[in-house]
Amino acid sequence: MTREEANRLLHAYIDGELDPAKTLELEAYLAENPSVRAACERLREMSAAIRDKADYHAVPAWLEARVRAAIPSAPENVSARPAWWRWLTPAGAVAADWLRPAASFAAVALVTWVVALGTMRPSEDERITQEMLASHVRATLTNRFYDVASSDQHTVKPWLSARLAFSPPVADLSASGFELVGGRLDYIGAQPVAVLIYKRRQHLIDVFVWPVETQKSEQMSTRDGFNIEHFAKNGMDYWLVSDLSRNELNDLARLIAEYSTP
């Protein structure tokens, strides 16, 4: 990969839009090129600042009606129109008939454009999902699932807590069939997060954890063959990613939620 190609891919990489193969290729290049890696971090920080401080507004349902209502209707008395209107065309009525659908089309086009802007921007949850999946796939392809390998929660938790601004809850769930095998540091956007790794038979599960201010609703989804569980508990956001079956992943989410309940 050349420097020019790497710089060209940075925005797509930060937005989680690269496929796993190209992501691995770019990350290998970043590991060997400090200047490009520094540029990537600056873009991450700028992206995070925009997400945190920019104003986002949902498109109101009444927008189309209001735009249509703002378009002036043609008066019935053609002679009451300004002189320039009649000068443009001798048949003022014909002009009105032509402009009416054109104005309506413009209004609909405006509404469609505004709606498209809102729907084309990926939601926060969609962005997080993309970045977590990329992280999980990277860990699988590179066989780097953990920075600290241990089944002892009293080893994994202090290791993570010493490297993060928060202390993630780490549960020993081996009695329930989910063996803790380690933990690692990762980034979602510009935010450092803890990743706990559990094992169920031959399946590895990534549990991403970081502090959250607002409680979010539980979510379940499937993406590219992976199941995803999301819930928040006691000020922590939890995202679980694995090719484990949905029911078993839900069992792990429930166990972690119960452990996190004081």
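This note goes through the aromatic rings and one arginine of a predicted model.

1. Local features are reported at pLDDT of at least 70 and side-chain atom pairs only at pLDDT 80 or more, while totals for chains, interfaces and linings use all residues. Residues are numbered from 1 along each chain as its sequence is written, and side-chain values use heavy atoms, with hydrogens and water left out.

2. A search of the whole structure finds 1 aromatic pair, where rings of Phe, Tyr and Trp (its six-membered ring) pair if their centres lie within 6.5 Å, and planes under 30 degrees apart count as stacked, over 60 as edge-to-face and the rest as tilted. The pair is formed by F231 and Y238, and it is stacked, at 4.8 Å centre to centre with 10 degrees between the planes.

3. F231 counts as buried because its relative accessibility is 4%, and Y238 is also buried, with a relative accessible area of 1% (buried means under 20%, exposed over 50% and partly exposed in between, with a 1.4 Å probe and protein chains only).

4. R144 lies in the loop between helix 7 (124–142) and strand 1 (148–149), and this residue counts as partly exposed because its relative accessibility is 41%. Helices (H or I, at least four residues) and strands (E, at least two) are DSSP runs, numbered from the N terminus.

5. Leaving aside residues up to four places away in sequence, R144 touches A139, R184 and L185, a contact being heavy atoms within 4.5 Å. R144 and R184 are 40 residues apart along the chain, and their C-alpha atoms are separated by 9.1 Å.
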